[in-house]
Amino acid sequence: MYFDLRLWRMTQGMRLAMLGGVVLGLLALAVGIARFAFLGMALAAVFAGGSLAQVALPLAAAVAAVLLRYLLDHARTVQAHRIAARVQTSLRARLFDRIAALGPAWFAGKRTG
């Protein structure tokens with residue numbers, strides 16, 4: 001894996017929000033694992049000849065885990081898009097400032113394509 005120090009510097013002021021995205025992802029992972037555990041409990045109850053009530057509770061918990069995982073993953077995705085937009089806006093502002101500092105004369109002697 002490649003770590004770019006310049007890109008890391010551009011995330012200054014946004015790192016706590018990025019950490020929040022990581023935490024949301026880890027929570028979604030834990031809920032996804034719990035979903036499989038609940039499904040396993042439901043299957044075990046079915047194979048053991050359990051009643052409908054004994055099977056319904058783990059299945060309801062699995063459905064709740066699916067919904068919770070969806071919500072956590074959606075929140076993580078929305079947060080990631082917001083952070084990416086902030087980084088892009090910052091990068092574009094720096095690029096514009098650099099272009100303005102160079103002036104039009106610098107671009108007059110350069111080919112664009």
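**View 1. Gly 25 is placed in helix 2 of this predicted model.**

**View 2. A nonpolar patch on the surface includes Ile 33, a residue of helix 2.** The patch is formed by Leu 16, Leu 19, Val 22, Val 23, Leu 26, Leu 27, Leu 29 and Ile 33, and together these residues have about 790 Å² of accessible area. Helix 2, in which Ile 33 is found, spans residues 15-47. Ile 33 has a relative accessibility of 54% and therefore counts as exposed, the cut-off for that class being over 50%.

**View 3. The largest pocket has a volume of about 160 Å³.** Its lining is made up of Met 1, Tyr 2, Phe 3, Asp 4, Leu 7, Trp 8, Thr 11 and Met 18. By residue class, the lining of the largest pocket divides into six nonpolar residues, one polar residue and one charged residue. Asp 4, one of the lining residues, also takes part in a salt bridge with Arg 6, which is the subject of the next view.

**View 4. Asp 4 and Arg 6 form one of the two salt bridges that the structure holds.** The closest N and O atoms of this pair are 3.8 Å apart, and the pair counts as a salt bridge because the cut-off is within 4 Å. Asp 4, at 24% relative accessibility, counts as partly exposed, whereas Arg 6 is exposed, with a relative accessible area of 57%. Side chains of opposite charge can pair when their charged atoms come close.

**View 5. Asp 73 and Arg 76 form a salt bridge in which the closest N and O atoms are 2.7 Å apart.** Both residues belong to helix 3, which covers residues 52-102. Because Asp 73 and Arg 76 are three residues apart in this helix, they are separated by about one helical turn. Asp 73 is partly exposed, with a relative accessible area of 30%, and Arg 76 is likewise partly exposed, with a relative accessible area of 30%.

Key
Residues numbered from 1 in each chain as written. Predicted model: local features only at pLDDT ≥ 70, side-chain atom pairs only at ≥ 80, totals over all residues. Heavy atoms only, no water. Patch = residues over 30% accessible without salt bridge, like charges linked within 9 Å, V, L, I, M, F, W, Y side chains within 5 Å. Areas by Shrake-Rupley, 256 points an atom, 1.4 Å probe, with all protein chains shown as cover. Salt bridge = Lys/Arg side-chain N within 4 Å of Asp/Glu carboxyl O. Helix = DSSP H or I, 4+ residues; strand = E, 2+ residues; numbered from the N terminus. Buried < 20%, exposed > 50% of the residue type's maximum accessible area, 1.4 Å probe, protein only. 1 Å grid on protein atoms, 1.4 Å probe; cavity = no way out; pocket = protein on both sides within 12 Å on 5 of 7 lines; lining within 4 Å. Points joined across faces, edges and corners; volume = space filled by probe spheres on them. Nonpolar A, V, L, I, M, F, W, Y, C, P; charged D, E, K, R; others polar.
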